[in-house]
Amino acid sequence: MIHVAYNGLIEKIENFTDHVEWERIACDILSGLGYRGIKPQSPTGGADGGKDALWNDSVGNVGIHISLREDYKRKLQEDLGKCMGKDYAKIIFVTNRAINGTKQDELKTECTKTLGIPLEIFDQEAIRVEIETHRPDLLDKFGMHNRRIEIESAELLTLPYLDDP
């Protein structure tokens, strides 16, 4: 029997349904991971040229695909098909689904073989880690409250020893 520990944020990520807000969350997280200047393409709907966001630096263009679909593999394959002929140095795929390490390796290999472009995947666990450790401000977007307590300074408190009467 496989025991999976419950995590409330994982449940919220997996059941998230707001596509517009998911694209914003993904871009917020990627921006915090060094993809500053990320450009969402059409987060409120409309034509986006087959990508949800774009980032560029000295390495070149990075096409970013963001999905809430349960059939993440099919969605990724559809998105990779739209990348044919594009000048991407790398592709990033952000999903609210869990993708184990072996499956991620297979998808990355498939992308490299098909397009000759490296693929980076941010699945629900990667998103959870970023939110819980670096972006607790995003918990509100999932209907959760930031439970982190910031203490600027603390003094050692001592209580008098009380004898039994």
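**Entry 1: strand 4 and its partners**

I began with the pairing of strand 4 and strand 5, which is parallel and runs over 4 bridges. The model I am reading is a predicted one. Within this pair, I found Val-94 opposite Phe-122 of strand 5.

I then turned to strand 3. Strand 3 and strand 4 are also parallel, joined by 7 bridges. I looked up Val-62 and found Lys-90 of strand 4 as its bridge partner.

Next I traced the connections. Strand 3, helix 3 (residues 72-82) and strand 4 form a right-handed β-α-β unit. Strand 4, helix 4 and strand 5 form a right-handed β-α-β unit as well.

How many of the 8 residues of strand 4 are buried? I noted 6, so the strand is largely enclosed by the rest of the structure.

**Entry 2: Lys-90**

I went back to Lys-90, which lies in strand 4. Is Lys-90 buried or partly exposed? Its relative accessible area is 22%, and the cut-off for buried is under 20%. Lys-90 is therefore partly exposed.

I listed its contacts, leaving out residues up to four places away in sequence. Lys-90 touches Tyr-35, Asn-61, Val-62, Gly-63, Ile-117, Pro-118 and Glu-120. With Tyr-35 there is a polar contact, side chain to side chain, at 2.7 Å. I also checked Trp-55: it is 35 residues from Lys-90 in sequence, and the C-alpha atoms are 9.8 Å apart.

**Entry 3: Asn-96**

I moved on to the loop between strand 4 (88-95) and helix 4 (101-115), where Asn-96 is found. I read a relative accessible area of 0% for Asn-96, so this residue is buried.

What does the side chain of Asn-96 reach? I found the backbone oxygen of Glu-14, at 3.2 Å. Beyond neighbours within four places in sequence, the contacts of Asn-96 are Ile-13, Glu-14, Phe-16, Trp-22, Ser-67, Leu-68, Arg-69 and Gln-124.

**Entry 4: the nonpolar cores**

I looked up the largest nonpolar core, which has 26 residues. Which of them touch the most other members? They are Trp-22, Ile-64, Val-94 and Phe-142. Trp-22 was already in my list of Asn-96 contacts, and Val-94 was the residue opposite Phe-122.

I then noted the elements that each supply at least two residues of this core: helix 1 (8-14), helix 2 (19-32), strand 2 (53-57), strand 3 (60-67), strand 4 and helix 5 (124-133). Helix 2 gives the most, with 6 residues. Apart from this core lies another, of 15 residues, including Leu-76, Leu-80, Phe-93 and Leu-107.

Not counting residues up to four places away in sequence, Ile-64 touches Leu-30, Ile-38, Lys-51, Asp-52, Ala-53, Leu-54, Trp-55 and Ile-92.

**Entry 5: helix 5**

I finished with helix 5. Which of its residues are buried? I found Gln-124, Ile-127, Arg-128, Glu-130 and Ile-131. Looking down the axis of helix 5, I saw its buried residues fall within an arc of 165°, so they line one face of the helix.

I asked what covers the buried residues of helix 5. The cover includes helix 1, helix 2, strand 4 and strand 5 (119-122). Gln-124 of this helix is also one of the contacts of Asn-96.

Key: Residues are numbered from 1 along each chain as its sequence is written. This is a predicted model: local features need pLDDT of at least 70, side-chain atom pairs count only at pLDDT 80 or more; totals for chains, interfaces and linings use all residues. Side-chain values use heavy atoms; hydrogens and water are left out. Buried means under 20% relative accessible area, exposed over 50%, partly exposed in between (1.4 Å probe, protein chains only). A polar contact is a pair of N or O atoms within 3.5 Å; within protein, one must be able to donate a hydrogen and the other to accept it, and residues adjacent in sequence count only if both atoms are side-chain atoms. Contact means heavy atoms within 4.5 Å. A nonpolar core is a set of buried Ala, Val, Leu, Ile, Met, Phe, Trp, Tyr and Cys residues joined through side-chain atoms within 4.5 Å. The arc is that of the directions from the helix axis to the C-beta atoms. Two strands pair if DSSP finds at least two bridges between them. A crossover is right-handed if, with the strands pointing away from the viewer, the path from the first strand over the helix to the second runs clockwise.
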